[in-house]
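Please read this briefing alongside the sequence and the structure.

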Amino acid sequence: QAKRNEAHLAGLEREERDTLAVGLAARQRVWGVPAPVSRDQMAGTAVGRYCLTGLITRQQYDAAQAYLDERDQYLQCIAAPRQPGAVDLNATKGQSVGLENVSRYHHIKAARETTDNAIRDKQTEIGMVGNLFGALDAVLINDVALDHLLGDLRTALNALVRRYGLDGRAAA
């Protein structure tokens with residue numbers, strides 16, 4: 001019985017490795033991700049690949065993740081329609097957080113306004129040169145690696161690092 005279970009698990013592990021190999025090869029071929037880091041979860045997003053290749057710092061990557069989390073909470077809070085994608089017919093539908101927890105709704109809304117103001121202030125500080133919101137939208141939200149927006153993305157992420165207080169701590 002034990003040998004049969006071990007053989008079954010070994011077969012599953014082999015199938016999993018074969019399945020992963022296709023995705024890892026695609027990351028290496030399409031995105032130019034080095035083989036040693038192609039298994040890293042960060043290699044699955046444009047901002048993660050920028051971090052893995054050293055084009056942005058780990059603090060900037062952490063700020064990007066915090067921004068995406070805050071954005072998701074805000075979209076749920078205002079009951080925004082979901083992005084098109086795969087449909088889960090078994091999923092349960094719920095209401096926004098604003099209808100059941102007013103204080104949380106106001107907290108999320110205020111946090112989003114603070115973040116938008118931090119980016120807007122940085123845009124004004126650099127003399128309205130570049131497009132910080134556009135860089136965040138293209139690279140973070142739409143997950144498109146656009147190298148010509150890398151400077152604007154770094155500037156926006158630096159503003160987010162300061163906004164989230166990540167500049168005074170070691171990178172996670």
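**After helix 6**

Gly 165 comes after helix 6 and has a positive phi, near 70°. Helices here are DSSP runs of H or I with at least four residues, strands are runs of E with at least two, and both are numbered from the N terminus. The model is a predicted one, in which local features need pLDDT of at least 70, side-chain atom pairs count only at pLDDT 80 or more, and totals for chains, interfaces and linings use all residues. Residues are numbered from 1 along each chain as its sequence is written, and side-chain values use heavy atoms, with hydrogens and water left out.

**Overall layout**

- The protein chain has six helices and zero strands.
- Read from the N terminus, its elements follow the order α-α-α-α-α-α.
- Of its 172 residues, 30% count as buried; buried means under 20% relative accessible area, exposed means over 50%, and partly exposed is in between, with a 1.4 Å probe and protein chains only.
- Among contacts (heavy atoms within 4.5 Å) with a separation of 6 or more, 53% join residues 24 or more positions apart.

**Helix 6**

- The 14 residues of helix 6 should span 20 Å at 1.5 Å a residue, and the end C-alpha atoms are 20 Å apart, which agrees; the expected span is 1.5 Å times one less than the number of residues.
- Buried residues in helix 6 include Leu 150, Asp 152, Leu 153, Thr 155 and Ala 156.
- Leu 157, Ala 159, Leu 160 and Val 161 of helix 6 are also buried.
- These buried residues of helix 6 pack against helix 2, helix 3, helix 4 and helix 5.

**The nonpolar core**

- In soluble globular proteins, nonpolar side chains tend to be buried together.
- A nonpolar core is a set of buried Ala, Val, Leu, Ile, Met, Phe, Trp, Tyr and Cys residues joined through side-chain atoms within 4.5 Å.
- The largest core has 26 residues, and the members that touch the most others are Val 47, Ile 56, Leu 136, Leu 140, Leu 153, Leu 157 and Leu 160.
- At least two residues of this core come from each of helix 2 (46–52), helix 3, helix 5 and helix 6.
- Leaving out residues up to four places away in sequence, Leu 153 touches Tyr 50, Ala 135, Leu 136 and Val 139.

**Gln 60**

- Gln 60 belongs to helix 3 (residues 58–77).
- Gln 60 counts as buried because its relative accessibility is 5%.
- The side chains of Gln 60 and Asn 158 are joined by a polar contact of 2.7 Å.
- A polar contact is a pair of N or O atoms within 3.5 Å; within protein, one must be able to donate a hydrogen and the other to accept it, and residues adjacent in sequence count only if both atoms are side-chain atoms.
- Apart from residues up to four places away in sequence, Gln 60 touches Arg 154, Leu 157, Asn 158 and Val 161.

**Salt bridges**

- How many salt bridges does a search of the whole structure find? The search finds four, a salt bridge being a side-chain nitrogen of Lys or Arg within 4 Å of a carboxyl oxygen of Asp or Glu.
- One of them joins Asp 62 and Arg 58, whose closest N and O atoms are 3.1 Å apart.
- Asp 62 and Arg 58 are both in helix 3, four residues apart, about one turn of the helix.
- Asp 62 is buried at 12% relative accessible area, whereas Arg 58 is partly exposed at 31%.
- Another joins Asp 116 and Arg 112, with the closest N and O atoms 3.5 Å apart.
- Both Asp 116 and Arg 112 lie in helix 4 (residues 102–125), four residues apart, and both are buried.
- Lys 122 and Glu 125 also meet in a salt bridge, at 3.0 Å from N to O.
- Lys 122 and Glu 125 are three residues apart in helix 4, so about one helical turn separates them.
- Lys 122 is buried at 14% relative accessible area, but Glu 125 is exposed at 59%.

**Cysteines**

- A disulfide is a covalent bond between the sulfur atoms of two cysteines.
- With a disulfide taken as a pair of cysteine sulfur atoms within 2.5 Å, the count is zero.
- Cys 51 is buried at 13% relative accessibility, and Cys 77 is buried with a relative accessible area of 3%.

**Asp 143**

- Asp 143 sits in the loop between helix 5 (132–141) and helix 6 (150–163).
- Phi of Asp 143 is positive, near 55°, in a residue other than glycine.
- Asp 143 is partly exposed, at 32% relative accessible area.
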